[in-house]
Amino acid sequence: IGICRRDYVLIMKIFEWNIGMAATIPSNSNRRLNGWIVDEITKGGPDCIVLTEFVVSPGIDYFIGKLEELNYHWFISNSTKENGILIALKKDTFDFKNTFDYKKNTVIKSEALAGTNLPDFYEIQVKWNKRILSIIGARIKVRLETEGKKAFTKDQFDALDEYLNNISHDVICIGDFNAFWGNRWNTNENTTLPNVSNKYYLFTPKYKKDDWWSYVQPNGSKVQLDHMITNINLAHVDVVYDWSFISNPMYGSNIKKETPNKIKGLPDHAILKVIW
């Protein structure tokens, strides 16, 4: 379907996590980037780390120090009072020669997308397997007010659909899409990313198998919001939502993975782990 897709046999681990900072103002609310979060996401030695709802906050020095100690290049899209994205990439896995060439447009923010209402978006271009690869972290924002909510969401998906549809090289886009496609991904019922779904594969954990949900809504409903999409034909892919971090003492004994309204300022999504 669509563009030619290539098969890869190289092993890669990609971990994505919405860490729930929710655009807080750290100096006002005394929230901070807790060191255990970067300790947790680096377990297992992922080649690529994508953190959404990342806010520059106190504690960032430990984050950066840990990533550099473990041999990652790191990229941050935002500042304080703004949800952003952190992408960390293993130095030994990717070729960064073009990435750090200031004459080339290889670090791309949401301003590259067309439209007024844009998602959180951050793209880092590297070379992998001797080919250009765009690694994109994304999050579809949610408007709490009812008025204009549907249009706000649609505008973001339209912008992302158009942008991804026009990329001719390899792409991995991973994040919190605040949507669940199920069996509708490559069908006419997919009205959110209709063009992309004809060219890209969707990777989501098996529905209602093991820890199948990535978020628990305030009403207690379990939903799958975190996904990976790619135009690369990948074989033998393992995709899971990992909730093991919920045993961290900061959550206390009353907070479980099934608990809605988890503690603000701490991760309330599962870690999406994609390994092939």
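This is a predicted model: local features need pLDDT of at least 70, side-chain atom pairs count only at pLDDT 80 or more; totals for chains, interfaces and linings use all residues.
**Entry 1: contacts along the chain**

I started with contacts, meaning heavy atoms within 4.5 Å. Taking contacts between residues at least 6 apart in sequence, I found that 70% join residues at least 24 apart.

**Entry 2: the overall build**

Next I looked up the secondary structure: four helices and 16 strands. Helices (H or I, at least four residues) and strands (E, at least two) are DSSP runs, numbered from the N terminus. The radius of gyration is 18 Å, close to the 19 Å that the globule rule gives for 276 residues, so the protein is as compact as a globular protein of that length. For the record, that radius is taken over C-alpha atoms, and the rule is 2.2 Å times the number of residues to the power 0.38. I also boxed the C-alpha atoms along the principal axes and got roughly 50 × 45 × 40 Å.

**Entry 3: surface and charge**

How much of the protein is buried? I got 51% of the 276 residues. Buried means under 20% relative accessible area, exposed over 50%, and partly exposed in between (1.4 Å probe, protein chains only). The protein exposes about 13200 Å², and carbon and sulfur atoms supply 49% of that area. Those areas come from the Shrake-Rupley method with a 1.4 Å probe; for residues, only the protein chains shown count as cover.

Then charges: there are 34 positive and 32 negative ones, and their mean positions are 1 Å apart. Lys and Arg count as positive and Asp and Glu as negative, while His and the chain ends are not counted. Each charge is placed at NZ of Lys, CZ of Arg, CG of Asp or CD of Glu.

**Entry 4: cysteines**

How many disulfides does the structure hold? I counted zero (the cut-off is a pair of cysteine sulfur atoms within 2.5 Å). Cys48 is in no disulfide, and its nearest cysteine sulfur belongs to Cys173. Cys48 counts as buried because its relative accessibility is 0%. Cys173 is buried too, with a relative accessible area of 0%.

**Entry 5: Asp176**

I found Asp176 in strand 9 (residues 170–176). Is Asp176 buried or exposed? I put it down as buried, because its relative accessibility is 2%. Asp176 and Trp17 are 159 residues apart in sequence, yet 8.2 Å apart in space, C-alpha to C-alpha. Skipping neighbours within four places in sequence, I listed contacts of Asp176 including Glu16, Asn18, Thr52, Asp226 and His269.

**Entry 6: Trp74**

Trp74 sits in strand 4 (residues 72–76). I marked Trp74 as partly exposed, at 32% relative accessibility. Which residues does Trp74 touch, not counting those up to four places away in sequence? They are Ile64, Leu67, Glu68, Ile87 and Ala88. I also checked Trp74 against Phe63, 11 residues apart along the chain, and their C-alpha atoms are separated by 9.9 Å.

**Entry 7: around helix 4**

Where is Arg143? I found it in the loop between strand 8 (131–139) and helix 4. At 28% relative accessibility, Arg143 is partly exposed. Beyond its neighbours within four places in sequence, Arg143 is in contact with Gly148, Lys149 and Phe152.

Asn165 belongs to helix 4 (residues 149–165). I noted Asn165 as buried, with a relative accessible area of 19%. Leaving out neighbours within four places in sequence, Asn165 is in contact with Asn195, Val196 and Lys199.

**Entry 8: positive phi**

Most residues other than glycine have a negative phi. I looked up two with a positive value. Asn129 is not a glycine, but has a positive phi of about 60°. Asn129 is in the loop between strand 7 (120–128) and strand 8, and is partly exposed at 38%. Asp210 has a positive phi near 55°. I found Asp210 in the loop between strand 10 (201–203) and strand 11 (215–216), exposed with a relative accessible area of 66%.

Key
Residues are numbered from 1 along each chain as its sequence is written. Side-chain values use heavy atoms; hydrogens and water are left out.
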